[in-house]
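Please look over the model below before reading my points.

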Amino acid sequence: TKYQEESSERRRLYNEVIELKGNIRVFCRCRPLSESEIANGSASVVNFEPSSDNELQVICADSSKKQFKFDHVFGPEDNQDAVFQQTKPIITSVLDGYNVCIFAYGQTGTGKTFTMEGTPQHRGVNFRTLEELFRITEERHGTMKYELSVSMLEIYNEKIRDLLVENSTQPTKKLEIKQAAEGTQEVPGLVEARVYGTNDVWEMLKTGNRVRSVGSTCANELSSRSHCLLRVTVMGESLINGQRTKSYLWLVDLAGSERVGKTEAEGERLKESQFINKSLSALGDVISALASKSAHIPYRNSKLTHMLQSSLGGDCKTLMFVQVSPSAADLGETLCSLNFATRVRGIESGPARKQV
Ligand code: ADP
């Protein structure tokens, strides 16, 4: 019956939540070689063991091999659905009152936006998440009442911009993070749009992307140098005992993690890359401090971590996608990203296991 189905679904979610409690997970995703890389005769330097879904091996320039282990590893063959299936249990715990943060980290061009946003044909985590949240709220109809709303913002050079404010002729409102009474962080003035179904979400995401690209001569370039944050606010009310919950789900497409060459980095570009380095390392420091259960968590070192303070740590669930390219030309950045993710996860990587 419907009641049995619902209670078994709840039990399943509950068990997953218990298992994930206070947990930080790192998923690695390696994109396929692009057409131009194939045309250039580029070979893949990232290998996957068919028997393992959480290990990968990188062939270094000196032919030595380095092994990495994460909570899950997705190769070029894994599609958006495969990625979402692994992500789903973490995300849906927001409906049970948990705060959740999901990040895509990596060099520009490795598929951060593909994973989070996707394309109209291959929708990513953001859209699938909202779709799943609506599906579950429908399923729980009768026992729980939910209200979902969406905010979308960008952090560029440590400045916050509301991506749901369309009127580009108005000077951008200055948005700042404020400490709210209950110890959470608020951004007064940030648009929070109620969403009733996936169509609303799709429209919202389109608006956000349009606003994001206004005023920049090269939208792609700019978007790789800013962090894009989608926040879903879930207000829940139990129709059985009246208990209310408010929780946040953050879906974050981070600025490109690549190091800028010394010659390139001048003026504005230098300033940008300093801000990016600062906020990405602040994020790494916060996550690794949480993973090692450190007494002091340095949230205040960047706008990004300050904003996410109440959604990182404690009972919150955190997932980082470390995105990499398979191409030999990107080997240096790939190793940097994998090392960063390994450090964040708090597990040491070792030399490659002997092949037998
Ligand atoms: P980033 O956001 O990290 O700069 P993008 O998401 O823009 O990278 O990806 C760069 C290009 O690679 C895009 O054309 C994207 O469609 C493609 N791409 C990335 N990941 C995949 C994947 N797993 N499968 C197919 N194409 C991908």
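1. Basis. This is a predicted model, in which local features need pLDDT of at least 70, side-chain atom pairs count only at pLDDT 80 or more, and totals for chains, interfaces and linings use all residues. Residues are numbered from 1 along each chain as its sequence is written.

2. Overall fold. The protein chain has 10 helices and 14 strands; these are DSSP runs numbered from the N terminus, with helices being H or I of at least four residues and strands being E of at least two. Of its 356 residues, 37% are buried. Buried means that 20 or more other C-beta atoms lie within 10 Å of the residue's own, exposed means 12 or fewer, and partly exposed is in between, with C-beta atoms placed from the backbone. Among contacts with a separation of 6 or more, 70% are between residues 24 or more positions apart; a contact needs C-beta atoms, placed from the backbone, within 7 Å.

3. Ligand shell. The residues around the ligand include Arg 31, Pro 32, Phe 114, Ser 224 and Gln 323; a residue counts if its C-beta atom, placed from the backbone, lies within 6 Å of the molecule. By class the shell has 2 nonpolar, 8 polar and 2 charged residues. Here Ala, Val, Leu, Ile, Met, Phe, Trp, Tyr, Cys and Pro are nonpolar, Asp, Glu, Lys and Arg are charged, and the others, Gly among them, are polar. Helix 4 (residues 112–116) gives the most to this shell, with 3 residues.

4. Record. An unreviewed UniProt entry places a "binding site" at Gly 106, Gln 107, Thr 108, Gly 109, Thr 110, Gly 111, Lys 112 and Thr 113. Such positions are given in the numbering used here, feature names are shortened, and annotations may be inferred rather than shown by experiment.

5. Gly 111 and Lys 112. Gly 111 sits in the loop between strand 6 (100–106) and helix 4, and Lys 112 is in helix 4. Gly 111 is buried because 22 other C-beta atoms lie within 10 Å; Lys 112 is buried with 29. Leaving out residues up to four places away in sequence, Gly 111 touches Arg 29, Arg 31 and Gln 323, while Lys 112 touches Ala 104, Gly 106, Asp 253, Leu 254 and Gln 323.

6. Points to check. Asn 157 has a positive phi of about 50 degrees although it is not a glycine, and Glu 158 has a positive phi near 65 degrees. Most residues other than glycine have a negative phi. Asn 157 lies in the loop between strand 7 (144–156) and strand 8 (159–162), and Glu 158 is in the loop between strand 7 and strand 8. Asn 157 is partly exposed, with 14 other C-beta atoms within 10 Å; Glu 158 is partly exposed, with 13.

Technical notes
Two residues are in contact if their C-beta atoms, placed from the backbone, lie within 7 Å.
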